Amino acid sequence: MRVKIKINDKDQFIEIDPGEMLLETLRKLGYKGVKHACSTASCGACSVQLDGKPILSCTTFTAAVDGHEVKTIEGFSDENSLSDVQKALIDEGGSQCGFCIPGLVVTAEALLSENPDPTQQEVIDYLKGNLCRCTGYESQTRAILKAAKERRSK
């Protein structure tokens, strides 16, 4: 089966198996920031954006995103610079082992696109599907609020 997906602003024509999950497809294409963790929609490590909204790629069929736009963590920065959310996570100590961070950044970026001035509780609520076993979430919440404030001041 052949699908067309815009991945990180680049049109891709991809041969897939009908039952292939988006996570598998993205990793085969070299998007290693999309993490394979639980495969049960429990942790958020595989989060990507589909048409600007966060989804779990481990439970989304690739065929279902034919004709849509997908953005992975690789689409939020380049080889020479980090996104403001990524920088804030580093500044606030919000990344320890780093495994959950790609999915968390993708989700945080969607939040800030929808709501440029979230409250602390709104950040906490939005990130409920992204599990982190290292940080306790306070530093991550601080970092997202910091990035939101910096964006609003520009």
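Visitor: How far apart are the end C-alpha atoms of helix 3?
Guide: They're 20 Å apart, and that agrees with the 20 Å its 14 residues should span at 1.5 Å a residue. The expected span is 1.5 Å times one less than the number of residues in the helix. Helices here are DSSP runs of H or I with at least four residues, strands are runs of E with at least two, and both are numbered from the N terminus.

Visitor: What kind of model is this?
Guide: This is a predicted model, where local features need pLDDT of at least 70, side-chain atom pairs count only at pLDDT 80 or more, and totals for chains, interfaces and linings use all residues. Residues are numbered from 1 along each chain as its sequence is written, and side-chain values use heavy atoms, with hydrogens and water left out.

Visitor: Back to helix 3. How many of its residues are buried?
Guide: 12 of its 14 residues, so helix 3 is mostly covered. Buried means under 20% relative accessible area, exposed means over 50%, and partly exposed is in between, using a 1.4 Å probe and protein chains only. Among the buried ones are Ile101, Leu104, Val105 and Glu109.

Visitor: What do those buried residues pack against?
Guide: Strand 3 (47-50), strand 4 (53-56), strand 5, helix 2, helix 4 and helix 5. Contact here means heavy atoms within 4.5 Å.

Visitor: And which residues of helix 2 are buried?
Guide: Helix 2 covers residues 84-91, and Asp84, Val85, Gln86, Ala88 and Leu89 are buried there. They pack against helix 3 (101-114) and helix 5 (138-153). After helix 2 comes glycine 93, with a positive phi near 70°.

Visitor: What is leucine 89 in contact with?
Guide: Leaving aside neighbours within four places in sequence, leucine 89 is in contact with Gly94, Ser95, Ile101, Leu104, Val105, Gln140 and Ala143.

Visitor: Which residues touch the most other members of the largest nonpolar core?
Guide: Val85, Leu89, Ile101, Val105, Leu112 and Ile144, out of 20 residues in that core. Helix 2, helix 3 and helix 5 each supply at least two residues of this core, and the largest share, seven residues, comes from helix 3. A second, separate core of 17 residues includes Val3, Val34, Val48 and Val70. By nonpolar core I mean a set of buried Ala, Val, Leu, Ile, Met, Phe, Trp, Tyr and Cys residues joined through side-chain atoms within 4.5 Å.

Visitor: What about helix 5: which residues are buried?
Guide: Ser139, Gln140, Thr141, Ala143, Ile144, Ala147 and Ala148. The buried residues of helix 5 pack against helix 2, helix 3 and helix 4.

Visitor: New topic, strand 1. Which residues are on its covered face?
Guide: Val3, Ile5 and Ile7 are on the covered face of strand 1 (residues 2-7), while Arg2, Lys4 and Lys6 are on the uncovered one.

Visitor: In which sense does strand 1 pair with strand 2?
Guide: Antiparallel, over six bridges, with strand 2 running over residues 10-15. Two strands pair if DSSP finds at least two bridges between them. They form a hairpin with two residues between them, and asparagine 8 in the turn has a positive phi of about 50°. Strand 1 also pairs with strand 5 (residues 69-71), in the parallel sense over two bridges.

Visitor: What does lysine 6 stand opposite in strand 2?
Guide: Aspartate 11. In strand 5, lysine 6 stands opposite glutamate 69. Lysine 4, in turn, stands opposite phenylalanine 13 in strand 2.

Visitor: Where does cysteine 134 lie?
Guide: In the loop between helix 4 (120-126) and helix 5. Cysteine 134 is partly exposed at 34% relative accessibility, whereas cysteine 97 is exposed, with a relative accessible area of 58%. Not counting residues up to four places away in sequence, cysteine 134 touches Gln96 and Cys97.
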